[in-house]
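Please keep the sequence and the 3D view open while reading.

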Amino acid sequence: MLNDNAALPPLQGYKIIDLTRVLAGPLCTQVLGDYGADVIKIEPPSGDQSRTSGPPYCDDSSAMYYGLNRNKRSAVLDLKQADQRLMLENLLPGATVLIHNFKPGTMEKWGFGYEDLKQKFPKLIMASISGFGADGPLGGTPGYDGSAGAWAGVIASNGDDSGPMRIGLSVVDVSAGLHAAIGVLLAIKAMERDGVGQHLDISLYDCGLALLHPHGSNWLHGNSGTPRSGNQHPTFTPMGIYETADKPIYLAVSTDLNFRKFCRIMGLSALLESEKYSTSEGRLAHRGELVDIVARALKAESAEIIVGKLNQADIPAGVVLPPSEALEHPHAFHRNMNVQLDGQRFVGLPIKLSRTPGGILRTPPEKNQHFDEIFAQNL
């Protein structure tokens, strides 16, 4: 039996050649590196674009770069030069995955299209992340989180009656990075079973459409649009953000049982005598007046005290914390989600494996920091 304390991380021994930059691609490869993969980050002479995506900065690179590039080694290659492309090709015999997020057609122009590579490296997995894929009506269109989210309905799903509003987090990029990581793992499993690699086509657009819950299902299965509801949930009431005497909270009352419990805790038992609030459909139909009643009642409460009472009754609710407070909360430390290495702090690993855990073993590399060790056997 394996000694649990000595068990290797699950991706130990897999080599990932990472040509990605900015967000979705680097997030994917960071996830793989967190769980043991040897991620070789190949940067252009100017470096990953995100190195200058500040302020704020940490050392010589932006905080954005630091959040996406731990557990990697860095080497610089100018892939516009033929001799530098040959150096990249010399890394591929020992690689499991080659991942990039260049505009469609770029890798083919350099002789690194999948159809070219699979002849030489039949087990190689190639993952391509793009805005909209290579073909189709939007194929080849430059893609960033916001523009892909606009086309995919993500931005239009957020906001209120005054109009759509961009989401404060790069949810489309993050979704694409996580879907790419899942895709790589699926392709590795298939390669080990069948002995051949394959090409992964990941687009921000597709991943944005996949985020449309319940909006997508409401349209596809109910032929019904989902109106923008601002800080309220489009289906359940009362579910949304409410002000208290000190801090805002998020309240989630989605069942008739929890509504009855909520009313009793809040001293609103009189609402239970009205048939219009007795069902989810009724509460939605009378949302405006119900939200006003709940808002007035919560305004007299302390956020942490009322959230504690609601949680004790198994009613989901939370104090709305800014990232600065969320990351410093005692539970974030308890869950190892605020971790430190070599004087730098990082958001921790959300996937917690009991026998083969991942970890943060390398801080984000300086540009070209590991060139000599990476190419020692190929120069």
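Helices (H or I, at least four residues) and strands (E, at least two) are DSSP runs, numbered from the N terminus. Gly 67 sits in the loop between helix 2 (63-66) and strand 5 (72-76). This is a predicted model: local features need pLDDT of at least 70, side-chain atom pairs count only at pLDDT 80 or more, and totals for chains, interfaces and linings use all residues. Residues are numbered from 1 along each chain as its sequence is written, and side-chain values use heavy atoms, with hydrogens and water left out.

**Largest pocket**

- A pocket is an open set of points on a 1 Å grid over the protein atoms alone, where a 1.4 Å probe fits, with protein on both sides within 12 Å along at least five of seven lines; lining residues have an atom within 4 Å of a point.
- The largest pocket holds about 1,200 Å³ of space. Volume here is the space filled by probe spheres set on the points, which are joined across faces, edges and corners.
- Its lining has 35 residues, and Leu 27, Gln 30, Gly 67, Leu 68 and Val 347 lie nearest the centre.
- Helix 1 (24-34), helix 2, helix 7 (171-194) and strand 15 (344-347) each supply at least two lining residues. Helix 7 gives the most, with six.
- The lining divides into 27 nonpolar, five polar and three charged residues. Ala, Val, Leu, Ile, Met, Phe, Trp, Tyr, Cys and Pro count as nonpolar, Asp, Glu, Lys and Arg as charged, and the others, Gly among them, as polar.

**Second largest pocket**

- About 670 Å³ of space lies in the second largest pocket. Of its 27 lining residues, Ser 157, Asn 158, Ile 167, His 215 and Gly 230 are closest to the centre.
- This lining splits into 12 nonpolar, 12 polar and three charged residues.

- Gly 67 is partly exposed, at 42% relative accessible area (buried is under 20%, exposed over 50%, partly exposed in between; 1.4 Å probe, protein chains only).
- Gly 67 and Thr 363 are 296 residues apart in sequence and 9.8 Å apart in space, C-alpha to C-alpha.
- Asn 258 belongs to helix 10 (residues 256-266) and is buried, at 10%.
- Leaving out residues up to four places away in sequence, Asn 258 touches Val 253, Asp 314, Ile 315 and Pro 316 (contact: heavy atoms within 4.5 Å).

**Cysteines**

- The whole structure has zero disulfides (cysteine sulfur pairs within 2.5 Å). For Cys 28, the nearest cysteine sulfur is that of Cys 207, 11 Å away.
- Cys 28 is buried, at 0% relative accessible area. Cys 263 is also buried, at 0%.
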